[in-house]
Amino acid sequence: MTDLLEVRNISKYYSYKNGWLTPQRVCALEPISFSVKRGETIAIMGETGSGKSTIAKLISGAEVPSSGEIFLNGELLDPNNHQQRCREIRMIFQDSLRSLNPQLTIGKQLLESLLFNTKWSAAEQQEHVYVTLQKVGLLPDHFDFYPHMLSSGQQQRVCIARAIILEPQIIVADEAFAALDPSIRAQIINLILDLQEDMGISFIFASHSPEIVKHVADKILIMHRGKMIEFDSTQALLTNPKQQLTKMLLQSEQLNKALKHTTTQE
Amino acid sequence: MSNILDIRNLTIELETSAGTVKVLDKLSLQLAEGEIHTLVGESGSGKSLLAKAIMGFINPRWKITADRLWWRHYDLLALNPVQRRMITGRDMAMIFQNPGSYLDPNTKLGNQLRETIPQSELKGIYLRRKANRTVRAERLLHRVGIKDAEKVMNSYPHQLSEGVAQKVSIAMAIAHNPKLLIADEPTTAMEPNTRNQIYRLLAKLSASQGMSILMITQDLTSVIPESQRMSLVYCGQLMETGPTEKIMTEPFHPYTDAMLQMSFFNKELVPKTRLPTLTGAIPTLQHMPIGCRLGPRCPKSRRACIHQPRLSKVKQHQFACHFPLIEVETHD
Ligand SMILES: Nc1ncnc2c1ncn2[C@@H]1O[C@H](COP(=O)(O)OP(=O)(O)O)[C@@H](O)[C@H]1O
Ligand code: SF4
Ligand SMILES: [Mg+2]
């Protein structure tokens, strides 16, 4: 079976001017290669500034890589062909409210992507929006709501609805769970697991939470200062991490440990 | 253990488009000297409002009632605003999420820090005082674990990482040696490594200075081991309170149980299985359920839940639920 997504030697350099000095070049991501199978979930972990968001942005097409190629189903993705990428790879962000347009109803925002990417009739489009709202646990009534009328969990659901409405093959998320309340976070994780099962979507996400990563990821990619330092199955990294950083990032919180300690003592 | 903060049945009512709503509904909380107490609640549970009520940052339009709202030997509700400010300023301090957003972006941190050194601790003539201030400011930075104090003093807030910015804000908060520090989600959205550093620092400050800390968080995964007691609130109502370890291992309340499950404390959880969670959403102020506010989302709710349960007590452990997870004999 060929891989769904293959990332080959992509890197990202940013250059910026520092006053009148010669432009400086910062390396956000050194050349990195990995591949993702259909339905597979990959977690990206690393400290702040290690390049997690950069990988997410390059895969979703929000930024153009400085070098390297990305293949989808064996086909080279043209960094400048947004339409192709837009359909197959969708991104969800941490700040759901800010990524929604406050002036447009939920329904209109969801219709937008259908307008540009399908040749369906208005009635078909409308119907598809209703179906998608239901898939993410919202109601047809929400079609006419504005973003500010929804709770943060519902806004995050709208973002997921927008991500899946074109039935993509890959969803990329950058810290999409960090700011959510625990009950809403658990609902959203369940929703993503359901959608993966129903639609075979691959899921690539950056996260700080060892608990979430252990629960949903098949493989984990560990980043350190723009370099991939480890990439393996979740099981392998839990039982046999080669890097100290991997061990540290996957460690559960202190109290968790403290409690385990007291219960084993009894 | 004597309580320095004693809150009994604190209620705060606000006017909303749907009439008067109790945003805090008979909330009780006690804090002992030198104790770390963790207050856990999802958004909209009234955590920050409680913090404001303790600090006296009160909007005159709120209606505040309580059987007791005592700080040491002061009845806070009986004090006038001037006395109240005096006591808050002397005894209490607060830190928040995103310290970068309330440090002054245009002033070097050294200057901001020097401002917070209390006048009373400085002696001598003007120049001497100024030099003293700098020394004191540097010492404060050392106390919060910042080694290169000089570099930080010469920086602007945006030049610091979130972890260092939060340490600076802690330094400012402890400058006048407060007896109570309220930390309102100080590490939400921080990466675990930085977050643990902040926790260790707060625990150390509490232990070495006998400072009490009210640590507010939205998540059970960020409760620190040093926290002796904790309380869970939902929509302004106290669900459960007691010794941290008891609550985490033998909860009485369905809400605590659900929070533990959702926070991955269940070790038997099989990867990729659906997480147990509360259904539905946190209600808005305009749509607060009557009785036990968890009712519409609670897996154990029954008819009786339309009446707000009273606090039941089992040793140090208290909870408000008609149908607790562990059967107990209650005799009121
Ligand atoms: N638009 C940009 N311009 C300049 N530098 C950037 C830009 N975006 C990211 N960087 C730098 O690239 C590095 C990696 O950043 P990022 O991918 O955001 O890390 P992470 O998501 O792991 O926190 C950081 O040093 C960051 O400062
Ligand atoms: S009182 Fe009823 S609704 Fe409230 S927590 Fe207990 S069982 Fe659930
Ligand atoms: Mg990032």
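**The interface and the ligand sites**

Reply: In this predicted model, 16 residue pairs are in polar contact across the interface of chain A and chain B, counting pairs with both residues at pLDDT 80 or more. The contact draws on 36 residues from chain A and 41 residues from chain B. Together the two chains bury about 3,200 Å² between them, and 54% of that area lies on carbon and sulfur atoms. The count of salt bridges between chain A and chain B is 4. One salt bridge joins Glu197(A) to Arg274(B), with the closest N and O atoms 2.9 Å apart.

Turning to the ligands, the residues that surround ligand 1 belong to chain A, including Tyr14(A), Ala28(A), Glu47(A), Lys52(A) and Thr54(A). For Ser50(A), a backbone N or O atom lies 3.1 Å from an oxygen atom of ligand 1. For Gly51(A), a polar backbone atom is 3.0 Å from an oxygen atom of ligand 1. Ser53(A) contributes a polar side-chain atom, 2.5 Å from an oxygen atom of ligand 1.

Ligand 2 sits in the largest cavity. Of the 13 residues around ligand 2, those that come nearest are Cys292(B), Cys298(B), Cys305(B), Cys321(B) and His322(B). By class, the shell around ligand 2 comprises 8 nonpolar, 4 polar and 1 charged residues.

Conventions: Residues are numbered from 1 along each chain as its sequence is written. Chains are lettered from A and ligands numbered from 1 in the order in which they are written. This is a predicted model: local features need pLDDT of at least 70, side-chain atom pairs count only at pLDDT 80 or more; totals for chains, interfaces and linings use all residues. Side-chain values use heavy atoms; hydrogens and water are left out. A residue is near a molecule or strand if one of its heavy atoms lies within 4 Å of it. On a 1 Å grid over the protein atoms alone, a cavity is a set of points where a 1.4 Å probe fits but cannot get out, and a pocket is an open set with protein on both sides within 12 Å along at least five of seven lines; lining residues have an atom within 4 Å of a point. A molecule sits in a cavity or pocket if more than half of its atoms lie within 2 Å of its grid points. Ala, Val, Leu, Ile, Met, Phe, Trp, Tyr, Cys and Pro count as nonpolar, Asp, Glu, Lys and Arg as charged, and the others, Gly among them, as polar. Contact means heavy atoms within 4.5 Å. Buried area is the accessible area (1.4 Å probe) that two parts lose on being put together, summed over both. A salt bridge is a side-chain nitrogen of Lys or Arg within 4 Å of a carboxyl oxygen of Asp or Glu. A polar contact is a pair of N or O atoms within 3.5 Å; within protein, one must be able to donate a hydrogen and the other to accept it, and residues adjacent in sequence count only if both atoms are side-chain atoms.
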